Amino acid sequence: MATVLPSPPRVGMVSLGCPKNLVDSERILTKLRADGYQMSPDYAGADVVLVNTCGFLDSAKEESLEAIAEAIAENGRVIVTGCMGKEAEAIRARFPQVLAVTGAHQYEEVVGAVHEAAPMPPSAFLNLVPDAGLKLTPRHYSYLKISEGCNHRCAFCIIPSLRGDLVSRRPDAILREAEKLVAAGTKELLVISQDTSAYGVDIRHQPRPWHGGEVRAHMTDLSRELGKIAPWVRLHYVYPYPHVDQVIPLMAEGLILPYLDIPFQHAAPNVLRAMKRPANEAKVLERIRKWREIAPDITIRSTFVVGFPGETEADFQYLLDWLDEAQLDRVGAFRFEPVEGAAANALPDHVPEALKEERYARIMEKTAAISAAKLQAKIGRTLDVIIDVVDEQGATGRSQADAPEIDGEVHLRDAGHLTVGDIVAVEIEDADEHDLFGVPVTP
């Protein structure tokens, strides 16, 4: 008689917030799958639901609380993890039904809570996991987290209180993970952390053996080695420390993508000082000019906060003038929002909400015009594009200047023969404020 194995429990996941949270979710699910658990795509089929929360802004906290409420209403068996785990008492007071609350990147604790809430039958299959682990992104691109935490104490941010100080991973461990991801089909590695430029500072850039040589725990060394592994390597959350200049030649060589995601946050010296961020905006402009001389196709994306306490009209105009000179390729803006526990809340001269909205509209108009002009200049060029979607209308992909979900796209006609994950040459035929339009070049 055939032996009928019992069905293992099924776990659902709601993942909120930034790509760093997404990587945490992937690690949790990978461990649970290795332990024999199955994954559920909906509430109805799940024996327990994990909600990986975001707590960076009050609006993000509210979204997390709404997600917890929905999971409780739809399933009833809920474990909360992530950044809001720091507020466990508040979560339990509002949702006494939750089974457990754990903090950010506390993988063992959340996996243990799942084992307790939905124990595995003793005879379930184990270790049914691909070498690259389980992913929540498409097969052809992957986020690669190189460190946790942050040593900065920016006045508007509570990340250090949520995730602690900088803790860097060993470079050989990162590179092994990258090799597994590429072997499993990844074409684009997106390097993420709270502060990519600071990678390795906490471990004094200690070298580790790697493929017959050594690799330091340093952004430049890591970028060079990753460029030997993956077709595309994209750097996110890069603070403009002096040694960032060393990665620009790697971009010119084609080893990593000519793309830097630098969170400048503002340009006016008074505002930068109030934010407790470096106030050397003039030097940054000169460095950007030098970067473009070395790697003419470099794309620089950034984010800015408008309406920070004490921001005057002169400060805001300074920012707009700085953007005119910097000509950044991709820009996102946020209205300042008080976050519980942030030092900025106690600053004087908070900007009225109506004025924040007006300034937000002005900066978005300015940056959209810059983006439109830069994209118009690409008409007639042939660019490499990685394909994200293929359907009967054609295909949609991204150029080297476009990170997934935050930058623009390239929309292709006559592209039904392509496959998701292909990297193809595309002739650019048209552009708008954010996207490009083109056709694949026939080999």
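**Close-up 1. Tyr141 and Tyr143 are both buried.** In this predicted model, these two tyrosines also pair up through their rings. The arrangement is edge-to-face, with 6.4 Å from centre to centre and 90° between the planes.

**Close-up 2. Phe264 and Trp322 make another edge-to-face pair.** Here the ring centres sit 5.3 Å apart and the planes meet at 70°, so the pair counts as edge-to-face, for which the angle has to be over 60 degrees. Where do Phe264 and Trp322 lie in the chain? Phe264 is in the loop between strand E13 (259–261) and helix H9 (269–275), while Trp322 belongs to helix H11 (residues 313–326). The pair therefore ties together parts that are 58 residues apart in sequence. Are Phe264 and Trp322 buried or exposed? Both of them are buried.

**Close-up 3. Phe156, Phe308 and Phe336 come together as one aromatic cluster.** Looking at the structure as a whole, you'll find seven aromatic pairs.

**Close-up 4. Arg335 lies over the face of Tyr360.** The distance to the ring centre is 3.7 Å.

**Close-up 5. Helix H1 (residues 19–34) packs with helix H4 (residues 107–117).** When two helices pack, the angle and the distance between their axes describe how they do it. For H1 and H4, the angle is about 45° and the axes are 10 Å apart. That angle is why H1 is called oblique to H4. As for handedness, H1 and H4 cross in a right-handed way. Which residues meet here? H1 brings Asp24, Arg27, Ile28, Lys31 and Leu32, and H4 answers with Tyr107, Val110, Val111 and Val114.

**Close-up 6. Helix H6 (residues 171–183) packs with helix H7 (residues 219–227).** The axes of H6 and H7 are 10 Å apart, and the angle between these helices is about 25°. Because angles under 35 degrees count as roughly parallel, that's the name for how H6 runs relative to H7. The crossing of H6 and H7 is right-handed. To find the contact, look for Pro171, Ile174, Leu175 and Ala178 on the H6 side. They meet Leu222, Glu225 and Leu226 on the H7 side.

Definitions and conventions:
Residues numbered from 1 in each chain as written. Predicted model: local features only at pLDDT ≥ 70, side-chain atom pairs only at ≥ 80, totals over all residues. Heavy atoms only, no water. Phe/Tyr/Trp six-rings, centres within 6.5 Å; stacked < 30°, edge-to-face > 60°. Buried < 20%, exposed > 50% of the residue type's maximum accessible area, 1.4 Å probe, protein only. Helix = DSSP H or I, 4+ residues; strand = E, 2+ residues; numbered from the N terminus. Lys NZ or Arg CZ within 6 Å of the ring centre and 35° of its normal. Axes fitted to C-alpha atoms, helices over the stretch in contact; angles between N-to-C directions. Parallel < 35°, antiparallel > 145°, perpendicular 65-115°, else oblique. Left-handed = near helix turned anticlockwise from the far one by under 90°. Contact = heavy atoms within 4.5 Å.
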